[in-house]
Every structure is written in C-alpha cells, then in structure tokens.
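Dear colleague,

Please find below the structure that I am handing over to you. My notes on it follow directly after.

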Amino acid sequence: SDYVKNNTWGSQISLDSYNNLVGVNAYTEKNKDGFATPGYIVYRPGDVSVNTAATLAAITGFLPVSKDDVSFYQELGLTEKFNLDNAALTYRWLFNIVMPELSTSGLIHQNYNDNTGKTNKFIKDYGICNKYFHVYYDDVSSVSNSFKKNLHSFLDANSPIFGYAYSEDRDVAFFSQYGQFLVPTDYTCNLTFHAADLFKHDKFSQPNKDYDKKAEQGKHYVAFVVSDGDNATYWQNTAGFATNYMNAAGRDKDNFPVTWSITPALADLAPDVLDEVYNSMSNGYDYFCAPVSGQGYINAGNFASQNNGEYFKDFTEKLDIYMKKADLRNVTVIGGNSQNDLVNVLKGYASSKQVEGGIVYDGSKYFGSVQGGVIWIDGKPFVGPRDSLWETTPAYIAARLNTYEKDITSING
C-alpha cells in the first residue's frame, strides 16, 4: 500500500523473510494479508520474546500481545501476524533481519521480566516509537559477546542506552567502549507523551540564583547535594512527589538550600517534568546541578580513556548544549580517577563553557577516596565532598562539622 511505501505504516522488509530458520515460522499469518490488515505479535509473558516483540512492533507497526491475551484481541478483529514464542527466535536472528530499518541513535536495554514472572512493560512506548532495538544482557538470555559487539558497533557513538543495567559496573563499562551512555529509565512510562512538541522548551530557567550571596567568617558552610538524579524515572515518579523528597511536609518553612542533581536529558525526554520541577515543585531554597556524569550515566575516567578521548570530547561538547538548555552550571563526576587520570578528565568537563565547576565523587559512599578538597581546573573549582549522609545520621555529621575550623579561607574549614 501507499502507507508502506512512504513509511507511514509497516516496513519495506518482506514478511516472509522472517521465516528463514528451518522448521520455525515467525510470520504465522495464514492468509498473508500482511500490512493490508491490522494484527498482533504474540510473545510469552516475562520472556525474552517480550523484547523481540517490542523491536518487531517498532519495525512493523503490529501490536505486541501476550499469549495469555490472544483471545481478547481476536474478538476485536485483529489477526495473528507473528508468533515469537520460540527459543530459536533470538536477538541475533531478529537483528540480522531488521537492521536496515532500526534507528542507530539509541537502544533499549530493559529487563523483559518484572521479577515476578510477569512482563516488564516500562519504556516500551518510547523504544517502539523510535525504532530502537530492545535487548537485555542478563544471565538467562546469554547474549554472546560477538553479538553485543555487533549491536553496539551498529549504534552511533554518544548515543543513549535507555532502561537500566543488569550488572551496573560491567554494563556501564561495556557501553563506554563504544562511547555510549546510560540514561536510567527502567520504571519510566509514557515518554512518547512527555516528549511531545506541546511541551517543548528552547531553554529552561532554574527557580533560584545565589550569585550575590557572600560567605561570612566564623561560620561553617554546608552544601546539601542530593545524588542519583541521573535517573529520569526518579524525577518522573519520585523526587517531586514523595513525602521524603521535594514533597516532604514542612518544606514551605525551609530556610536552608538544597541542591538536587537532575538529568539535563529531561530537557528533551520529558520537558514538562523539568518545567514542573523548576516552576511548581521547588521552593525558594532549591538549586540544581547535573548528575553523574552529565547528560548520561558514565564512569567518567573509563569513558574518557576510550577511542583516544574522542568519545569523551564529543560527550562534553554535547554536555555544554544540554546544561545550557537546562540552565545547569555545575556537574557531578563519578569514576573520574578510575584510570588514574582525574586531572585530564576534569579538564574535559572544564572545557564546557556552561560548566562553572563540579563535585567529584569517588570511593565508598561517594566520598571515601576524596574526603574534601578542591581541584582547580582552568579557574573552575571541582570539589570533593568531605562527608556523606549515606547510612549515617544528621546528628553525627553535625558533630563532625563542628570539629572543623570556622575559617572560610581554609581547606580545613
């Protein structure tokens, strides 16, 4: 049909080409109407076929349907087009067929199982809409290293990986080898709605400024920084609403500043969420910085060491764009010293005009290997935290602070 020809609907890939395995038919439609009639793709709940069905839905436009719900969709008049409930229909099998029509600008790395045996439905709408491949590197599906290398070589450098990791350190390190970064979105839904042009902003503005505030002698100054804002899900579902975060009772009476790390990727992914956080949920003492380690979660030292630093150069150039759009001026960096090259990593961040400084996380509870101090890079301060509220109490931290000098000119203050 004309819809298939102009890419409004369906695919240029022959449906019969999916039946290329001996004794296995993925394309199961009996009357071969193809894209002339609406239909569905059958998957097994909580199984790898959840991800292959989502990818195939992105390419064909047919609806992914659990095998438990087939009768319901048949009653609606839909026809079975594909059945992917077969272990032979692997990620590799599908990738080799649909590669010509996949997007190279991103990937969905998402568990197909919600850990109760049921289907994990999060982030699917965004992946399908953008024609991203859906995959998950767990121990059950046993994805080979050769396939992983082929897939990530196919993707663009500095492209986002949506969803989350199975093994955080291992997966983030592997993504870095190809100049790709994680945008945690594993419990995010309706991103196709949140990213709509209706909510688009050319630029955002933080609610508060502190440029004119001067430090006074004889006092301790403490910056409270809330970590883990790289997780877009956290901002969509938790940070602005939970009663132990921005929606805590009595926050209207606060008289001390809190800095929240927030991913600048929200400027594109969910501009309505970023606008709501800045303009409705914040009080007069809320400030914001970029999270680890910029527009996406990377181990900065490891990432910077790849491809002779070219991936990292591109990453920090794009960081400048994202931070400017989200009105952020400070960035938090994790893993900057993982290759014993912290100064050069921080130079990369300092090269961004929008970056005025940053916070360096390293070691146990983010501060065990830095324990206070400032590294100046091209006139920009990068501060190592001296304490953490992780698994301790405010009273304990307050007691420690009161042992320090009350001298704003001293590193011991």
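M99 counts as partly exposed, because its relative accessibility is 34% (buried means under 20% relative accessible area, exposed over 50%, and partly exposed in between, with a 1.4 Å probe and protein chains only). The residue sits in the loop between α4 and β4 (107-109); helices (H or I, at least four residues) and strands (E, at least two) are DSSP runs, numbered from the N terminus. From the C-alpha atom of M99 to that of F303, 204 residues away along the chain, the separation is 26 Å.

Please note that this is a predicted model, in which local features need pLDDT of at least 70 and side-chain atom pairs count only at pLDDT 80 or more, while totals for chains, interfaces and linings use all residues. Residues are numbered from 1 along each chain as its sequence is written, and side-chain values use heavy atoms, with hydrogens and water left out.

Helix α4 (residues 91-98) packs against helix α2 (residues 49-60) at an angle of about 10°, and their axes are 10 Å apart. Axes are lines fitted to C-alpha atoms, for helices over the stretch in contact, and angles run from 0 to 180 degrees between N-to-C directions. The two helices, α2 and α4, are therefore roughly parallel to each other (angles under 35 degrees count as roughly parallel, over 145 as roughly antiparallel, 65 to 115 as roughly perpendicular and the rest as oblique). On the α2 side the contact (heavy atoms within 4.5 Å) is made by N51, T52, T55, L56 and I59, and on the α4 side by Y91, L94 and V98. Of the residues in this contact, five are nonpolar, three polar and none charged (Ala, Val, Leu, Ile, Met, Phe, Trp, Tyr, Cys and Pro count as nonpolar, Asp, Glu, Lys and Arg as charged, and the others, Gly among them, as polar).

Turning to the strands, β8, β9 and β10 form an open sheet in the order β8-β9-β10, with parallel pairing; two strands pair if DSSP finds at least two bridges between them. Its edge strands, each pairing on one side only, are β8 (224-226) and β10 (286-289). From one strand to the next, the twist averages 30°. β8 is joined to β9 (residues 258-261) by three bridges, and V226 stands opposite W260 in β9.

Strand β11 (residues 330-334) is largely enclosed by the rest of the structure, because four of its five residues are buried. Five bridges pair β11 with β12 (residues 357-361) in the parallel sense, and I334 stands opposite Y361 in β12.

Yours sincerely
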